[in-house]
Amino acid sequence: MEFKVSDVIQIIAILSVVTAVVYGILKYIQDFLQSASRKREGYYKSFDIVVSQLSSDNKTSQLSAAILLRRYLTNTIIDLHIEAVNVISSILKVIPTGVLQKTLGDGLAYAKNLSKIDLQNTNLQNLYLGRKDDIRINMKETDMFMADISYATLNNIDGQGAIFLDAILYHTQIKKCDFTNAYFKGTDLSKAYFEKVKLYGANFCNATNLPIEFEGKLSQEGIFMYEEEFTTPSTKQECKTVFFSMPGCMSKEDEILTKDYKAYLENELHFEVIYYQKDEYPEFGQFNKIRQSIQNSSAMIAFGFKQISIKEGISHPDTQYEQSIKDIDLPTPWNELEVGMGLMNNIPILLVKSEGINSGAFDNKLSECFVATITKGADNRDLMYNPEMKKWLAAF
């Protein structure tokens, strides 16, 4: 078979075209892969920057980073949602209750899929773990061992087999969730509220402060045997009573302050105030009288006024922590007793304290979503606008 010169030229031309096409395709694939690699690298760099901002000393930068972290929980281009969830979980193990903690925690709902995630020993106080668009969150077998979920709202969650072992569910609102076969062993359910929740097969062995509506629905082993959706009555009280924990002997300035708070609660909010003065305490059964009053209260205000001044002394004597102290002010010891009773009665507490009072129940390091603190110097005329007052009022 003879090839003409024109045929050879035609074949060469065709091969050149094919080569060019193949080269073009390979170049496109190379550019695409390089672009994807650069984009992936860019996402990881931006993720690292956002995470680093969470440790910033600037609170605005911290909150901005907490919001920006949510984009990685929903990202479909690159899979960083597990890393983002792990970062949030790690921080929630050590961070005190507050705006940053709530912002980070609320962001978990954006992940949608939290199944089998480790949320052990995390601070989930006061969170809203749900979606306002009614999209359900997958929390199947999620581990919340010893998590503090006080005052949180769990909404539209598919949490079959979720682990709440020894968790605190104090005042927790649980709505439209499926927690069948979940593990609630050893949980504290003080004033927890359930609305249309599936609990069949859930284990409540050794759980404390169970709603009275659980009666007759648990097996001898503590297994929830009611197959229908479960709802408890609202825990909100119609008439609210506030117990005042305060010294029996006060300066005129301190007494006026307590009466300002009393007037605000009674006149503006129409609460009842239990306001004991020194000559009103009984001659016997004092503990029982206080306990009864606190048990009948919806909340407490503890006034930490200066009652004891130590000019010079020793703390923790005869121990390895012994140290000299000087010019220390302390509140009345009755504050500690009454605040302790209030905590055992599961009521929110507002601490109003003098400058320099920073021990026991008034320690600045304490952090609970149902405990708010106001320094004595705050303007009493603006109590209704005080963020700590609002936080306390929202807790009951």
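**Salt bridges and a residue in a helix**

Trainee: How many salt bridges does the structure hold?

Mentor: The structure holds eight salt bridges, where a salt bridge is a side-chain nitrogen of Lys or Arg within 4 Å of a carboxyl oxygen of Asp or Glu. This is a predicted model, in which local features need pLDDT of at least 70 and side-chain atom pairs count only at pLDDT 80 or more, while totals for chains, interfaces and linings use all residues. Residues are numbered from 1 along each chain as its sequence is written, and side-chain values use heavy atoms, with hydrogens and water left out.

Trainee: Thanks! What is the N to O distance for D254 and K376?

Mentor: Their side chains meet in a salt bridge at 2.5 Å, N to O. This pair links distant parts of the chain, 122 residues apart: D254 lies in helix α6 (residues 252-268), and K376 is in the loop between β13 (371-375) and α9 (387-393). Helices (H or I, at least four residues) and strands (E, at least two) are DSSP runs, numbered from the N terminus.

Trainee: And is D254 buried or exposed?

Mentor: D254 counts as buried, because its relative accessibility is 6%. K376 is partly exposed, with a relative accessible area of 22%. The cut-offs are under 20% relative accessible area for buried, over 50% for exposed and partly exposed in between (1.4 Å probe, protein chains only).

Trainee: What about K306 and D329?

Mentor: The side chains of K306 and D329 form a salt bridge too, at 3.5 Å, N to O. They also link distant parts of the chain, 23 residues apart, with K306 in the loop between β9 (299-304) and β10 (308-315) and D329 in strand β11 (residues 323-330). K306 is partly exposed at 43% relative accessibility, whereas D329 is buried at 19%.

Trainee: Which residues do salt bridges with shared partners join into one network?

Mentor: E253, D254 and K376 are joined that way.

Trainee: Why are D106 and K102 separated by about one helical turn?

Mentor: Because they are four residues apart in helix α5 (residues 99-106).

Trainee: New topic: where is V339 found?

Mentor: V339 is in helix α8 (residues 333-344), and V339 counts as buried because its relative accessibility is 6%.

Trainee: Which residues does V339 touch?

Mentor: Leaving out residues up to four places away in sequence, V339 touches M300, A302, I349 and A361; contact means heavy atoms within 4.5 Å.
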